[in-house]
Amino acid sequence: MRPLVADIDLDALRHNYQLACRCAPQSRSVAVIKADGYGHGALACAQALEHLAPAFAVACIEEALTLRQGGITQPIILLEGIFSADELALVDTHGFWIAVHSQWQVDVLLAASPQAPIPVWLKVDSGMHRLGFAIDEAAAIWRQLDAAPSVASLHLMSHFASADSRDNSYFNQQMTRLQGLASELEAPLCLANSPATLAWPVAHGDWNRPGVMLYGSDPLEVANEITRQLQPVMTLRSEIIALRELEEGEPVGYSGRWRAPRRSRIAVVACGYGDGYDRHARDGTPVLVNGQRCAIAGKVSMDMLTVDVTDVPDAAIGSDVVLWGRASNGEVLSVDEVARYCDTISYTLLTGVLPRAPRRYHGRSA
Ligand SMILES: Cc1ncc(COP(=O)(O)O)c(C=O)c1O
């Protein structure tokens, strides 16, 4: 069997969730498990957090239905709300909560007579300029929804464009707009994503919405005491399937991008872009071979990648290779570091791991 696997540590997931809660003791934390739990398997993540998280957040009704059909009974919030009017019946049947960001969604809600009124998070655009009502139109919509029999409860929701940045000037602008609106409406808030949960207590609301930190990725531009406590949840792991000795100057892989600077030993690892590993990984991108840091040498292929193991004498066929996560000797290679070598972010690496790398669950509820 091909040795590539994504090991998922559910105890680490719970640890990270509890860290999010400790960062914001006055808030409830909805666990964001959209995009199949950032690639970790949404249902398994929800089951692992079932006794800790009071609610889950997903992007759309299909993701919410997967959780309900899997036996998850907590509230599930659709962060982008309904995508068509007919979805409101399913929201009603399954007791989902919805974000409302557009006038047509308001109209559907006002015209509806659900069996039970629906909890609503009114999304305002405080500066992200993606989804939501403009700050100056939000108060009128809030009052309309507040009076509607189809609405059970209302929260004010917004999303930050740069809460991860050391420069907090834009974050502060968004916060100022939101505070003005919230005090006018006396609205309970749901604002904080992972970076705001970790770094900006002023943004902590009735609810927070941590996502990527639950999976052990540090979203902040500058790590701090708290982010250093995050534990990797996914370990993408494979093995060496071939080894070769190269003379100085010999090239490796497509277009010979890497050339041996000395007599070198090259390991071929069963993992490639056909598994979701980023093809943009530069020469020098770290991997762990038998728990020891080594560097990618040559372009990533569809099913394989190549690593310089000249300085790892015990590297052999079958040796353990960690593309990111925790090696058996405890050494950690963070997905954030790998992402920097690929000119991307951890979110794309984690959500990009394809089903070809089977998920294997570990931890108390696995
Ligand atoms: C509306 C919304 N809230 C919360 C999150 C979670 O963000 P993060 O993963 O940065 O914590 C996201 C993620 O993209 C989002 O779109």
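The following legends describe close-up views of a predicted model.

Local features are described at pLDDT of at least 70 and side-chain atom pairs at pLDDT 80 or more, while totals for chains, interfaces and linings use all residues. Residues are numbered from 1 along each chain as its sequence is written, and side-chain values use heavy atoms, with hydrogens and water left out.

**View 1. The largest nonpolar core has 119 residues.** A nonpolar core is a set of buried Ala, Val, Leu, Ile, Met, Phe, Trp, Tyr and Cys residues joined through side-chain atoms within 4.5 Å; buried means under 20% relative accessible area (1.4 Å probe, protein chains only). The residues with the most contacts inside this core are I98, L236, Y277, V289 and W324. Its largest share, 7 residues, comes from helix 1 (residues 10-23); helices (H or I, at least four residues) and strands (E, at least two) are DSSP runs numbered from the N terminus. Domain 1 (10-217) and domain 2 (234-362) each contribute at least three residues to this core, the domain bounds coming from an automatic or database domain assignment.

**View 2. Helix 3 (residues 42-49) is largely enclosed by the rest of the structure, because 6 of its 8 residues are buried.** The buried residues are A42, A44, C45, A46, A48 and L49. They pack against elements including helix 1, helix 2, helix 4 (61-69) and strand 21 (359-362), with contact meaning heavy atoms within 4.5 Å.

**View 3. The ligand is surrounded by 15 residues.** Y38, S194, R209, G211 and Y347 are the closest of these; a residue is counted when one of its heavy atoms lies within 4 Å of the ligand. Helix 2 (34-38) and helix 9 (194-199) each supply at least two residues of this shell. An N or O atom in the side chain of R209 is 2.8 Å from a nitrogen atom of the ligand. Oxygen atoms of the ligand lie 2.8 Å from a backbone N or O atom of G211 and 2.6 Å from a polar side-chain atom of Y347. Taken alone, the ligand exposes 390 Å², of which the protein buries 90% (Shrake-Rupley method, 1.4 Å probe).

**View 4. R237 lies in strand 12 (residues 234-246).** R237 counts as buried because its relative accessibility is 15%. Its side chain makes a polar contact of 3.0 Å with that of D320; a polar contact is a pair of N or O atoms within 3.5 Å, and within protein one must be able to donate a hydrogen and the other to accept it, with residues adjacent in sequence counted only if both atoms are side-chain atoms. A polar atom of the R237 side chain also lies 3.1 Å from the backbone oxygen of R326.

Key. Buried means under 20% relative accessible area, exposed over 50%, partly exposed in between (1.4 Å probe, protein chains only).
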